[in-house]
Amino acid sequence: MGNLMSTSFAPECTPLKQKYDGCFNEWYSEKFLKGKSTTNECEDLWFEYQECVKKHMTEQKLDKMLDDARKEAPFENGGALLNPDDEKNKKK
């Protein structure tokens, strides 16, 4: 079956994901952790993979579902959960 972590939800994107994962893992372990580089050298591969995923999310109408879910339960404060006391203060 293979490593599930190396597959994408869209099979067409799996080769791009595997290419990015390999690049990132090598950069992270061989350069970043050793203090040789702080710039992600795999960024272009990430954007290429991300575009593939976005395309397939749109084709499967998942992007609309995500937008609807975000409207129903939006992240606030940059994704950080609000302190319950903050909610009380907003209603005053």
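Aromatic pairs, helix packing and salt bridges

A search of the whole structure, which is a predicted model, finds eight aromatic pairs. Tyr20 counts as buried, at 11% relative accessibility, whereas Trp46, at 33%, counts as partly exposed. A stacked pair is formed by Phe24 and Tyr28, with 5.7 Å between the centres and 15° between the planes. Both of these residues lie in helix α1, four residues apart, or about one turn of the helix. Phe24 is partly exposed at 25% relative accessibility, and Tyr28 is likewise partly exposed, with a relative accessible area of 35%. Tyr20, Phe24, Tyr28 and Trp46 are among the members of one aromatic cluster, which also includes Trp27, Phe32 and Tyr49.

Tyr28 and Phe32 of this cluster also contribute, together with Leu33, to a nonpolar surface patch of about 290 Å². Leu33 is found in the loop between α1 and α2 and is exposed, its relative accessible area being 55%.

Helix α1 spans residues 14-32, and its buried residues are Thr14, Lys17, Tyr20 and Trp27. These four residues are placed on the same side of α1 because they cover an arc of only 160° around the axis. In general, an α-helix has 3.6 residues a turn, so residues three or four places apart point the same way. The face of α1 turned away from the buried side carries the exposed residues Pro15, Lys19 and Glu26, while the buried residues of α1 pack against α2, which comprises residues 43-59. Within helix α2 lies His56, which is buried with a relative accessible area of 8%. When neighbours within four places in sequence are left aside, His56 is in contact with Phe9, Ala10, Glu12 and Cys13.

The count of salt bridges comes to five. In one of these, Lys31 is joined to Glu41, the closest N and O atoms being 2.9 Å apart; the pair links distant parts of the chain, as Lys31 lies in helix α1 and Glu41 in the loop between α1 and α2, ten residues apart. Both partners are partly exposed, Lys31 with a relative accessible area of 32% and Glu41 at 45% relative accessibility. Another salt bridge is formed by Lys34 with Glu30, for which the closest N and O atoms are 3.0 Å apart; here too the two residues are partly exposed, with relative accessible areas of 48% for Lys34 and 39% for Glu30. In helix α3 (residues 62-72), Lys64 and Asp68 are four residues apart and therefore separated by about one helical turn, and their side chains meet in a salt bridge with an N to O distance of 3.2 Å. Lys64 counts as exposed, at 52% relative accessibility, whereas Asp68 is partly exposed, with a relative accessible area of 29%.

Key
Residues are numbered from 1 along each chain as its sequence is written. This is a predicted model: local features need pLDDT of at least 70, side-chain atom pairs count only at pLDDT 80 or more; totals for chains, interfaces and linings use all residues. Side-chain values use heavy atoms; hydrogens and water are left out. Buried means under 20% relative accessible area, exposed over 50%, partly exposed in between (1.4 Å probe, protein chains only). Helices (H or I, at least four residues) and strands (E, at least two) are DSSP runs, numbered from the N terminus. The arc is that of the directions from the helix axis to the C-beta atoms. Contact means heavy atoms within 4.5 Å. A salt bridge is a side-chain nitrogen of Lys or Arg within 4 Å of a carboxyl oxygen of Asp or Glu. Patches are made of residues with over 30% relative accessible area and no salt bridge: like charges are joined within 9 Å, nonpolar side chains (Val, Leu, Ile, Met, Phe, Trp, Tyr) within 5 Å. Accessible areas come from the Shrake-Rupley method with a 1.4 Å probe; for residues, only the protein chains shown count as cover. Rings of Phe, Tyr and Trp (its six-membered ring) pair if their centres lie within 6.5 Å; planes under 30 degrees apart count as stacked, over 60 as edge-to-face and the rest as tilted.
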